[in-house]
Amino acid sequence: MSLDELTEKELPVSEAIQFAQSSSKFRTLSPGPIPIPAAPSIRSLVESVSDARANVDVMASHQSENGTISTASSTVSLIESEKAAYEYLPQTPIKSTDAHLVEFSEAMRTVAKALRRVAEGKAAAQAEATEWKRKYELETAQKQQSKIKGCSCCSGNNLEKLASQLTLETPVSDQSVCCGKHGICSHEVLQDEVPGPNPRSSHKMVGRKASFKLSWGCNGDKNGQHKHDFVSFEKGDITTAERSNKQILLKWESPPQTVLFITKPNSNSVRVLCAEMVRWLKEHKNLNVFVEPRVSKELLAEDSYYNFVQTWDNDEETKLLHTKVDLIVTLGGDGTVLWAASLFKGPVPPVVAFALGSLGFMTPFPSEQYRECLDNVLNGPFSITLRNRLQCYVIRDAAKDELETEEPILALNEVTIDRGISSYLTYLECYCDSSFVTCVQGDGLIISTTSGSTAYSLAAGGSMVHPQVPGILFTPICPHSLSFRPLILPESVTLRVQVPFNSRGQAWASFDGKDRKMLSPGDALICSISPWPVPTACLVDSTTDFLRSIHEGLHWNLRKTQSFDGPRE
């Protein structure tokens, strides 16, 4: 009799369970192949547990209907099987791991970290460039607003008069500041802010300086009727009807009182000429004379007559020289002019450079005719050349922010970034404002002013540029690429040269051939045009002096003329 037949006859549950157990025992004793059970999966265990629970519920319902009580042994066995299933569930089916999969996952994690760092570095560089551009635009806007607010002379007829004459008068200490839209103010060339609560009123030396005005001239035209630049939009065409050659004239409004002498060291001829010129200026022009401390000792050792000569004792007094000196006289070559410009971190007085050197791109005045030349300069008006300077900041990698920089360095000719004594190629990343320029791989890079275009930049393959052309020269030194040609960028840009972290060595920066500084990986150099140019006096005018210097100094395009006795047609 089977279990189904017993259930059809509605046997009691206890008897049916006992019969099922006895029948299962008999079935296990029957011959036949014994199947090997497979390893139970998690899903099968869950299903078995659920089926067991369902059977228990069914049996409990049948027992409640028939009024019988289930045996304790079956209930205990079901509970134990359920507990065993739940203990098996959290266990991992496969406990052994593959070493190759672990290594692969670690390698992928390392690659992900590297990509994240690259992305963060690129985003940081873009944000940094954007921030520098914002700071520059904000500073420019503040300067323009301060000039406009301080202007009280550019209104009504005064504005029309200034626009017609295209001149800009220099204010004295008790006058208002001009807006600077019609030319170049003398306070932009000479005057600077003096520390203190009220620098203009508290500092008395500014009032004793000789005032002057700069005007746009036309080949030295002295009648005051200067040409104007204007653009015609007639009939939809854009043309420049007339253009001035923008020769800048300096005219003294009050006579100069103080002259500073900067001389070439270790030269007997320069020492003798300096003593002669100082004596002549004191006796015939009654001018106050400032000299360097070294020159003062030399003059006093020669004769006690030179007791009237003044000098300075420390760097703090050097910072105030521009408030005392009306004119600078240099005796030497271009290096002497560079040294004179380096003494002034802010405004620079007009420079009269006498040629006592070898080349003389910035020294147009002959020393033999110093009396006539100084008379013309002291009486005025005379042409000047405004030579721009580079203002440079070194930002170290350890700096907390971009504002934490070293002292600014000014360069009249160029800034050179080279590899120094390292045998590796220089590796530099260059940015112009917020735009990436290039990666320099070679011996180095030259960032030059137009005045320095005839110096190191020219030797490295750069072009000769007129000193009054507003621009910055970007010249590589022996680049590791034949297509890397020099660039000329506008003067309004800010250049950033950075040594990347993956550079093999350091770089070295020098400014006009001195003040050499090491740039380690992560350091950066910021270069822009300084607001304080170096005004140098011209013998004739800016263009004539420039062409004379490249003809006589470089023998530019000097060759023999072809003979005229060739074949005739």
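Trainee: At 22% relative accessibility, what does F308 count as?
Mentor: This is a predicted model in which local features need pLDDT of at least 70, side-chain atom pairs count only at pLDDT 80 or more, and totals for chains, interfaces and linings use all residues. Residues are numbered from 1 along each chain as its sequence is written, and side-chain values use heavy atoms, with hydrogens and water left out. Buried means under 20% relative accessible area, exposed over 50%, and partly exposed in between, with a 1.4 Å probe and protein chains only. At 22%, F308 therefore counts as partly exposed.

Trainee: How many aromatic pairs does the structure hold, and what type is the one formed by Y305 and F308?
Mentor: Rings of Phe, Tyr and Trp (its six-membered ring) pair if their centres lie within 6.5 Å; planes under 30 degrees apart count as stacked, over 60 as edge-to-face and the rest as tilted. There are 8 such pairs in the structure.

Trainee: What type of pair do the rings of F474 and F484 form, and how many residues apart are they?
Mentor: With centres 6.5 Å apart and planes at 40 degrees, the pair of F474 and F484 is tilted. The pair links distant parts of the chain: F474 is in strand β17 (residues 471-479) and F484 in the loop between β17 and β18 (487-490); strands here are DSSP runs of E with at least two residues, helices are runs of H or I with at least four, and both are numbered from the N terminus. F474 is buried at 1% relative accessibility, and F484 is buried at 12%.

Trainee: Which residue lies over the face of Y305?
Mentor: Y305 belongs to one aromatic cluster with Y306 and F308, and Y305 is partly exposed at 28%. A charge sits over a ring if NZ of Lys or CZ of Arg is within 6 Å of the ring centre and within 35 degrees of the ring normal. The residue over Y305, at 4.3 Å from the ring centre, is R279.

Trainee: How many of the 9 residues of helix α11 are buried?
Mentor: Helix α11 covers residues 334-342 and is largely enclosed by the rest of the structure. Its buried residues, among them T336, V337 and L338, pack against β6 (258-263), β8 (327-332), β9, β21 (514-519) and β23 (534-537). Contact here means heavy atoms within 4.5 Å. The buried count for α11 is 7.

Trainee: How far apart in space are G357 and G335?
Mentor: G357 is in the loop between β9 (351-355) and β10 (365-366), and is partly exposed at 46%. Not counting residues up to four places away in sequence, G357 touches G332 and G333. G357 and G335 are 22 residues apart in sequence, and their C-alpha to C-alpha distance is 8.5 Å.

Trainee: Where is S451, and which residues does it touch?
Mentor: S451 is in the loop between β16 (435-449) and α13 (456-459). Its relative accessible area is 7%, so S451 is buried. Not counting residues up to four places away in sequence, S451 touches R387, L412, N413 and P467.

Trainee: What is omega for the peptide bond from G380 to P381?
Mentor: P381 is in the loop between α12 (370-379) and β11 (382-387). The bond from G380 to P381 is cis, with omega near -10 degrees.

Trainee: What is phi of C478?
Mentor: C478 is in strand β17, and is exposed at 52% relative accessible area. Although C478 is not a glycine, its phi is positive, at about 45 degrees.
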